[in-house]
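Hello,

Here is the structure I promised to pass on to you. Please open it beside this email and follow along as you read.

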Amino acid sequence: MVKIKSNYVNEPVFKGVSVKSKLPENMQCLDELAHNLWWTWNYEVRDMWRSMDPQIYEDVQHNPVLLLERIGYEKMKELSKNISFIKEMNMINDRFTEYMNKKPDASRPSVAYFCMEYGMSHVLKIYSGGLGMLAGDYLKEASDSNVDMCAVGFLYRYGYFTQSLSMDGQQIANYETQNFNSLPIVQMLEENGQPMVIDVPYMNYHVHAYVWKAQVGRVSLYLLDTDNDMNSEFDKPITHSLYGGEWENRLKQEILLGIGGMLLLKKLGIKKDIYHCNEGHAALCNLQRLCDYVKEGLTFNQALELVRASSLYTVHTPVPAGHDYFEEGLFAKYLSGYADVLGITFDELIGMGRMNPNDHNEKFCMSIFACNTCQEVNGVSMLHGWVSQKMFSGIWKGYFPEENHVGYVTNGVHMPTWTSSNWMELYRHNFDSSWINDQSNEKIWEAIYKVPDEEIWKIRMAMKTKLVDYIKGKFAQKWLQNQGDPSRVLSLLESITPNALIIGFCRRFATYKRAHLLFTDLERLNRIVNNPERPVKFLFSGKAHPADGAGQGLIKRIYEISQRPEFLGKIIFLEDYDMRLARRLVSGVDIWMNTPTRPLEASGTSGEKAEMNGVVNLSVLDGWWLEGYREGAGWALTEKRTYVNQNYQDQLDATTIYGMLENEIIPLYYNTNDKGYSEGWVKTIKNSIAQIAPHYTMKRQLDDYYSKFYTKEAMRFKELSKNDNHMAKEIAQWKETVSERWDSINVVESYNEIPSEGCVGGQAYKIRYVIDEQGLDDAVGLELVVINENPDATGHQFIKAYPFKMTGKEGNNYTFELKYEPTSAGSFKYAFRMYPKNNKLPHRQDFCYVKWLD
């Protein structure tokens, strides 16, 4: 006899299924509205979502796709019979439909935009910080400006981390899984209904990526996703985390973004005029484009002409250490095969990513590769443009940083996204009706001076109250759970009031941001925040990269200070800085404070967002604020360093900030009239809005990219590619010929009247060279380069280049002459520089051959 088992159960196989609430017939438009991120910058749509069920809307954290899933069918039927709701919904849908039906502006070049991250909404966690915020704003403005643009990025399974703090202030990074089916995105399918797959070559195998689309108004953002069963356990994580993993995974990510991104566009049949790499992560898109042209029958040099002419690289990093570098062995492991495809050697390929191409000890740098494969390069503020000129100057040896072609476009912010509804209504009511389409027109913004002071102050207090309410609503439960003593937490919550002067310091916690500066003199800070007549509160928020121990240490230090009795409720750290919290902070504080180490703030945009909301900036003159600051419209610490020693400089800057607070800012804020507000403070707000805000919108930034880069590149590419790429082939041939003969070009004779003992100002000196061009036919230029010794001992300082005039030709010999007349007294040096000359080149660095003559 066999004993009967008392339990005999196999393991269940549960299958996932999503049950969505069915939309009534007259509400079908809500599905499309929920899946287009247009709602992120149109507050009327967000108000509509909230009105459907306020509690569920909060529960799903303002995700309209989840909202429609969670609302029951009976509730939906009830809404479908609500005349007021249906009327509002139809008005919104009519406006959306009209917006979407407008065809792109064909007069402007089309653009494919590549970036590692995009910040459109907290709902879609594919961003970490400023780079993503900028990219998301850029797509939104491209949509509003109706330009023909598409974008490529990643759909991260975990995205960037959410942040919590332990009881002792240690940052805890929490990676939360995203459920793609509940996000405002759609999966791209083949005609047979199967998921679209992009097969990306890696060494001797392929990685398979699904494709999802986020519709950003009129702009399509395509997102690659490797977390699927077609890939091995080594390749699934490529799109797991933003900036996650070791260097090999980073390289795999950048292969996927650049090469995979181009294969994706090719599969979709998308061709654009301009390919824009927003940071060096995407640089390998140009490697794939080179391969595509070579496979069509062009030589490598011909292909490079076409790729360069249609590519732009934007750098956001102000220091060389911030760029991505890969060991030669790792680069070869994944990319060596591309040299054979291009018809060049591996050394030539990897040399395109080196400052010194033949130095085998130098790592491959994506940013240098981008510089070598893009006709144009730009920084993200005026100062950062100059920093980038110096940072990359070693690529174009023979030219001083001031001479190279690296330009700049100062970052801006998407006004409808970051301006609160209160301020948007005020602007619409008081500004010219053309305002939203003419955002850079300072004359329109001057209408703010006609708005009554009481109205300005009323909005400011309303925004401060919203911020305070948001903080209490979001953080009360967290603080009670994490901070121990409930009485301390309740005391802290009660102390948060809109009636105090509120100063915000909210950004990524990297050490160069100097979040510690305010705590240099705790006794002085104590006196500032504990004046009962003039209360001041400081709000801190931001994340440190999980690998940045110093940044995490700063957070812990600030948290510890905030828990001291004298600072409790006066210094407050708000954890998990995301787009929702950022929107409240940039509109709800009184002052936005920024204290970076000069000149390490490439641009910064959070202060620009504050500008749109009547929040005044207090910042070091670095990044955008160096250009934006206007006296009487904010406060600035000088951009000049007093001390080489950073500790001394920090102490000086901290003392300066304390002095500004004590002697200018706090007295001005609390110099109130009988109506309860400071007329001087409101005047500062008006000056800030009228004189600064119009120059830092994303509309201005997008227009700058077109006027400075996109349009001229597209025009040149059109000429190069005409008639079976005739001009591209011609220029490539010319460069090859010049390269072959360059070393044999020689000086036949020279004559120089500049005396060795020195010149006399105002007197002309004749200089003549006869050069044998080796049959190149007027392909050489010559100039006198004048420099002096830089007083700060960092090297030579470029003064001016004086071009010679070609005055005669006899056979292969060309005569060049110059009359040099010094205009300034002083001690200078000079030399004669010879370079290839061709008016079909976009700039000298496009073909950087230089020979210095005796």
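Below are some notes on its sheets, a hairpin and a few helix contacts.

First, some ground rules. This is a predicted model, in which local features need pLDDT of at least 70 and side-chain atom pairs count only at pLDDT 80 or more, while totals for chains, interfaces and linings use all residues. Residues are numbered from 1 along each chain as its sequence is written, and side-chain values use heavy atoms, with hydrogens and water left out. Helices (H or I, at least four residues) and strands (E, at least two) are DSSP runs, numbered from the N terminus. Two strands count as paired if DSSP finds at least two bridges between them. Axes are lines fitted to C-alpha atoms, for helices over the stretch in contact, and angles run from 0 to 180 degrees between N-to-C directions.

Strands of a sheet pair through backbone hydrogen bonds, either parallel or antiparallel. Here you will find an open sheet of six strands with parallel pairing, in the order β17-β16-β15-β18-β19-β20. Its edges are β17 (571-574) and β20 (635-637); each has a single partner strand, so one side of each is left without a neighbour in the sheet. From one strand to the next, the twist averages 20 degrees. Strand β15 (residues 501-506) runs parallel to β18 (residues 591-594) and is joined to β18 by two bridges, with G504 opposite W592. Across β15, β16 (536-541), β17 and β18 lies helix α23 (residues 579-588), at about 155 degrees to β16; contact means heavy atoms within 4.5 Å.

A second open sheet has four strands in the order β21-β22-β26-β25, with antiparallel pairing. At its edges stand β21 (746-752) and β25 (805-810), each with a single partner strand, so one side of each has no neighbour in the sheet. Six bridges hold β21 and β22 (residues 765-772) in an antiparallel pair, and Y751 has R768 of β22 as its bridge partner.

Elsewhere, β6 (residues 197-202) and β7 (residues 205-216) also pair in the antiparallel sense over six bridges. Y202 stands opposite Y205. Two residues lie between the strands of this hairpin, and M203 takes a positive phi near 50 degrees.

Helix against helix

How do α8 and α9 pack? Helix α8 (residues 247-268) and helix α9 (residues 285-295) meet at an angle of about 50 degrees, with their axes 6 Å apart. That makes the pair oblique (angles under 35 degrees count as roughly parallel, over 145 as roughly antiparallel, 65 to 115 as roughly perpendicular and the rest as oblique). From α8, G258, I259, M262, L263 and K266 meet C285, L287, Q288, R289 and D292 of α9. These contact residues divide into five nonpolar, two polar and three charged (Ala, Val, Leu, Ile, Met, Phe, Trp, Tyr, Cys and Pro count as nonpolar, Asp, Glu, Lys and Arg as charged, and the others, Gly among them, as polar). In α9, 10 of the 11 residues are buried, meaning under 20% relative accessible area with a 1.4 Å probe, protein chains only. Just after α9, G297 has a positive phi of about 115 degrees.

Finally, α26 (residues 646-669) and α27 (residues 679-691) cross at roughly 105 degrees, their axes coming within 7 Å. The two helices are therefore roughly perpendicular. I665, L668 and Y669 of α26 make the contact with G680, W681 and T684 of α27.

Happy exploring!

Technical notes:
Buried means under 20% relative accessible area, exposed over 50%, partly exposed in between (1.4 Å probe, protein chains only).
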